[in-house]
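Here are some comments on the model, in numbered points.

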Amino acid sequence: MKTCQVVDWGRMEYGEALRRQEELVERRRQGEDRDILVLVEHDPVITLGRRGTWADILADGKLLAREGIAVYETNRGGEVTYHGPGQLVGYPILDVPGRRGGGMADTAAYVCSLEQVLIDVLAGLGL
């Protein structure tokens with residue numbers, strides 16, 4: 001059974017967390033690190049995934065600035081996501097055999113299996 005290291009970065013601005021993740025991904029690709037699950041809580045941020053557009057954000061720029069909510073465009077899947085204080089976010093940085101270039105069906109299967117792992121863990125914790 002494969003294991004992965006779990007690291008807790010506490011609360012961190014999204015841009016810094018993204019920079020650190022990119023470094024970890026590159027080290028994982030080079031075989032320098034083992035699988036890692038990063039846990040982090042972000043300062044208020046909205047991320048725009050590949051399928052998201054600025055029109056999907058219903059708040060205007062003045063409101064976002066007043067509330068201290070940053071916006072980042074990312075190369076990740078999905079549309080628009082809010083992350084903020086009190087929300088634990090997990091970023092798996094894993095070597096998934098057979099995944100490279102596998103296409104959307106493989107990605108959907110991976111996400112579903114990851115979702116099931118989280119459901120099982122939470123159920124085991126009584127949640």
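1. Accessible areas here come from the Shrake-Rupley method with a 1.4 Å probe. On that basis the chain has an accessible surface of about 8,700 Å², and carbon and sulfur atoms account for 55% of this surface. Keep in mind that this is a predicted model.

2. Overall dimensions and burial. Taken along the principal axes, the C-alpha atoms fill a box of roughly 50 × 35 × 30 Å. The chain has 127 residues, of which 24% are buried. Of the contacts between residues at least 6 apart in sequence, 79% join residues at least 24 apart.

3. Charge. There are 20 negative and 15 positive side chains in the chain. The centres of these two sets lie 3 Å apart.

4. Secondary structure. Six strands and three helices are present. Along the sequence they follow the pattern β-α-β-β-α-β-β-β-α.

5. Three strands make up an open sheet with mixed pairing, in the order 1-2-6. Strand 1 (5–12) and strand 6 (89–93) each have a single partner strand, so they stand at the edges and one side of each is left without a neighbour in the sheet. On average, neighbouring strands of this sheet are turned by 20° against each other, direction ignored.

6. Helix 1 on the sheet. Residues 14–29 form helix 1, which packs on the sheet and touches strand 1, strand 2 and strand 6. The direction of helix 1 makes about 160° with that of strand 1.

7. Pairing of strands 2 and 6. Strands of a sheet pair through backbone hydrogen bonds, either parallel or antiparallel. Strand 2 (residues 36–42) and strand 6 run antiparallel and are joined by five bridges. For L37, the bridge partner in strand 6 is P92.

8. I93: buried or exposed? This residue belongs to strand 6. The relative accessible area of I93 is 6%. Buried means under 20% relative accessible area, so I93 counts as buried.

9. Surroundings of I93. Leaving aside residues up to four places away in sequence, I93 touches Q21, L24, V25, R28, D35, I36 and V38. G15 is 78 residues from I93 along the chain, and the C-alpha atoms of the two are separated by 17 Å.

Methods
Residues are numbered from 1 along each chain as its sequence is written. This is a predicted model: local features need pLDDT of at least 70, side-chain atom pairs count only at pLDDT 80 or more; totals for chains, interfaces and linings use all residues. Side-chain values use heavy atoms; hydrogens and water are left out. Two strands pair if DSSP finds at least two bridges between them. Helices (H or I, at least four residues) and strands (E, at least two) are DSSP runs, numbered from the N terminus. Axes are lines fitted to C-alpha atoms, for helices over the stretch in contact, and angles run from 0 to 180 degrees between N-to-C directions. Contact means heavy atoms within 4.5 Å. Buried means under 20% relative accessible area, exposed over 50%, partly exposed in between (1.4 Å probe, protein chains only). Lys and Arg count as positive and Asp and Glu as negative; His and the chain ends are not counted. The place of a charge is taken as NZ of Lys, CZ of Arg, CG of Asp or CD of Glu.
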